[in-house]
Amino acid sequence: MKTPKKDKLNWFYIGLGLFFSLSFLWADKKDVVESELETKTIVVSQDIQKTGGRSNYEYRLWPKEYACSFVIKTAGGIAAHWVNLDNITQNDTLIIKIHNSRLADLNKKSEDIPIYSLMKNNKWVYDLDSYNKSQKNYDKRWNVILIIMSILFVLRGMTIISSKTTYILAAISASIIITLRLLNLWW
């Protein structure tokens with residue numbers, strides 16, 4: 001009597017692969033629209049501060065007029081080419097645009113309110129169009145990473161490639177992505 005052939009599919013890896021392939025669809029962000037923004041003029045109470053880790057950081061500003069702090073997230077930093085942000089110092093007057101849904105949070109000390117456009121000395125550091133474009137490029141990076149991960153998990157789950165091959169392909173993909181980012185060739 002023959003024993004039934006064991007199912008060679010690893011449903012855990014297939015499930016992870018499908019999760020990652022669907023997660024980039026859910027992460028699609030809509031553009032910020034000019035009609036949703038409110039313009040504010042602020043005077044900075046102290047020099048701008050960079051917070052966060054090595055690759056994922058943001059800038060933080062504290063205004064004299066409000067209790068909250070304002071943050072320039074990754075998309076704003078990319079739009080400003082990062083270097084234009086370091087020279088914001090105490091007593092600089094800035095014209096910023098924030099989402100109108102955050103107006104109630106201006107006097108809450110614990111709130112961090114994102115800035116969608118920034119002007120210093122009547123010169124744009126970044127505007128809404130460059131912010132939206134940078135956000136789309138940043139999202140594309142993550143989409144590529146999620147697609148690579150999902151393909152590797154599904155192939156591993158279907159036992160088309162071995163664990164060792166999966167690790168090697170993942171390491172090669174990560175190396176390529178890191179190299180392209182360091183050389184500023186990838187968005």
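**View 1. Strands β7 and β8 pair side by side in this predicted model.** Strand β7 (residues 117-120) and strand β8 (residues 123-126) run antiparallel and share three bridges; two strands count as paired if DSSP finds at least two bridges between them. Helices (H or I, at least four residues) and strands (E, at least two) are DSSP runs, numbered from the N terminus. Leu 118 stands opposite Tyr 126 in β8. With two residues between them, β7 and β8 form a hairpin, and Asn 121 in its turn has a positive phi of about 55°.

A note on the numbers: residues are numbered from 1 along each chain as its sequence is written, and side-chain values use heavy atoms, leaving out hydrogens and water. Because the model is predicted, local features need pLDDT of at least 70 and side-chain atom pairs count only at pLDDT 80 or more, while totals for chains, interfaces and linings use all residues.

**View 2. Four strands make an open sheet.** At the edges are β2 (49-52) and β6 (112-114), each pairing on one side only. Strands of a sheet pair through backbone hydrogen bonds, either parallel or antiparallel.

**View 3. Here β2 meets β3.** Four bridges join β2 to strand β3 (residues 57-61), and the two run antiparallel. Look for Lys 50, which stands opposite Tyr 59 in β3.

**View 4. Ile 176 belongs to helix α4 (residues 163-182).** Is Ile 176 buried, exposed or partly exposed? Ile 176 is partly exposed because its relative accessible area is 48%, where buried means under 20%, exposed over 50% and partly exposed in between (1.4 Å probe, protein chains only).
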